[in-house]
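Subject: Structure for your review

Dear colleague,

Please find below the structure that I am handing over to you.

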Amino acid sequence: MRSLILAAMAVLVPSVALAADAPAAGGSLVGPYSVLVAGFAMAFAAGLCALGQGRAIASAVDAMARQPGAAARIQTAMIIGLALIESLAIYVLVVAMILLFVQPIK
Amino acid sequence: MEAIEHPPIFRLPGVPDHVTYTWIVMIILIGLSWAATRRASLVPRGAQNFVEVILEQFIQMIDDVIGVEGRRYLPFIATLGLFILVSNLMGLVPGLMSPTGNLMTNAACAIIVFFAYHYIGIKTQGLGHYLKHFMGPVPALAPLMIPIEIISHLARPLSLTLRLFGNMTGGHILLAIIFFLMGLQGLIGFALSGSLGGVIVGGIGGVVMIAFTVGFLYPLKILVSFLQAFIFVMLTMLYIASAVEGAEHDEPHGHAESHAAHH
């Protein structure tokens with residue numbers, strides 16, 4: 001229980017977690033928060049993207065098993081759909097990379 | 001990105017890296033096509049055979065998506081596809097970089113696609129006819145449909161760019177982080193520090209890292225390279241098909257068949 005509270009504090013109050021090497025109390029919290037947000041955003045995006053892609057693949061495989069003759073066309077449509085679903089997670093990846101590497105807001 | 005990715009070995013001073021490596025891809029592709037067409041014969045051999053097999057795949061895809069009349073766009077589509085494929089694969093060679101790992105190269109490709117399919121649509125249907133597609137099915141809906149259509153058309157090059165960029169750069173960062181975490185330098189340094197334990201730990205760590213990278217990450221990246229090139233080309237063909245499509249609706253579809261039946 002105590003470790004849970006500590007973990008929650010570390011997430012919610014980055015200045016506590018980073019107190020050891022945080023330069024000053026007046027420093028901006030945007031930097032530490034942006035690192036956390038990048039990681040969590042990518043985690044949520046990857047998980048939800050996997051759910052969506054799983055549904056798409058499940059119904060595509062179902063359709064291919066019912067109609068093996070149309071397998072090639074179904075596969076093409078599935079790959080395009082997967083690319084379009086995946087691009088949403090890729091947007092989050094780009095945002096995370098901007099937060100991590102470019103750091104427009106310090 | 002420079003923080004974790006090593007710069008490529010070969011750099012020209014004053015030229016950005018992705019431009020240098022775009023030129024290298026161009027040299028590879030021009031050399032390949034020169035070798036293929038140098039002694040073009042009816043019975044293909046060697047390089048000509050290789051290139052013909054690749055182009056037949058493109059023609060097959062174009063026939064499936066756009067139709068036979070889409071074959072006139074083969075040079076455009078196949079050039080884009082081969083350029084992106086070779087660029088993607090070049091990032092897998094240690095010491096080189098892939099030009100598609102940079103936003104500028106992808107944006108250039110996507111903007112070419114954007115203007116090309118509008119040009120093709122206007123050329124095949126005429127300007128007024130093409131613009132009529134933006135108004136939706138019912139004229140009363142036009143004020144609602146026009147902004148939606150404009151935004152969706154503007155989102156196409158953006159999503160093409162970001163998808164390719166994200167996939168390539170994500171893969172590069174993944175490779176870099178795996179190397180960084182399992183620390184070839186650190187492990188070797190640890191191993192060379194003298195103790196037998198260091199040698200054992202460093203050796204096992206190095207073997208695990210190499211096995212994971214060669215056995216899993218590299219095949220995954222090769223798959224992603226082919227898949228992203230395929231998807232870029234496929235979406236380009238879908239956009240061209242949707243731009244050309246209106247022309248087919250106006251002409252009766254059974255025209256060709258009835259013509260054939262008469263003979």
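This is a predicted model: local features need pLDDT of at least 70, side-chain atom pairs count only at pLDDT 80 or more; totals for chains, interfaces and linings use all residues.

Chain B

Chain B has 263 residues, and 37% of them are buried. Nine helices are found in chain B, together with zero strands. Read from the N terminus, the order of elements is accordingly α-α-α-α-α-α-α-α-α. Among the contacts in chain B that link residues at least 6 apart in sequence, 70% are between residues at least 24 apart. The accessible surface of chain B amounts to about 15300 Å², and carbon and sulfur atoms account for 74% of that area.

Interface between chain A and chain B

The size of an interface is often expressed as the accessible area lost when the parts come together. Here, the area buried between chain A and chain B is about 1300 Å², with 81% contributed by carbon and sulfur atoms. On the side of chain A that touches chain B, the residues divide by class into 10 nonpolar, two polar and one charged. In terms of residues, 13 from chain A are in contact with 18 from chain B.

Which specific interactions were counted across the interface? Between chain A and chain B there is one residue pair in polar contact, with both residues at pLDDT 80 or more. The count of salt bridges between the two chains is zero.

With kind regards

Technical notes: Residues are numbered from 1 along each chain as its sequence is written. Chains are lettered from A and ligands numbered from 1 in the order in which they are written. Side-chain values use heavy atoms; hydrogens and water are left out. Contact means heavy atoms within 4.5 Å. Buried area is the accessible area (1.4 Å probe) that two parts lose on being put together, summed over both. A salt bridge is a side-chain nitrogen of Lys or Arg within 4 Å of a carboxyl oxygen of Asp or Glu. A polar contact is a pair of N or O atoms within 3.5 Å; within protein, one must be able to donate a hydrogen and the other to accept it, and residues adjacent in sequence count only if both atoms are side-chain atoms. Ala, Val, Leu, Ile, Met, Phe, Trp, Tyr, Cys and Pro count as nonpolar, Asp, Glu, Lys and Arg as charged, and the others, Gly among them, as polar. Helices (H or I, at least four residues) and strands (E, at least two) are DSSP runs, numbered from the N terminus. Buried means under 20% relative accessible area, exposed over 50%, partly exposed in between (1.4 Å probe, protein chains only). Accessible areas come from the Shrake-Rupley method with a 1.4 Å probe; for residues, only the protein chains shown count as cover.
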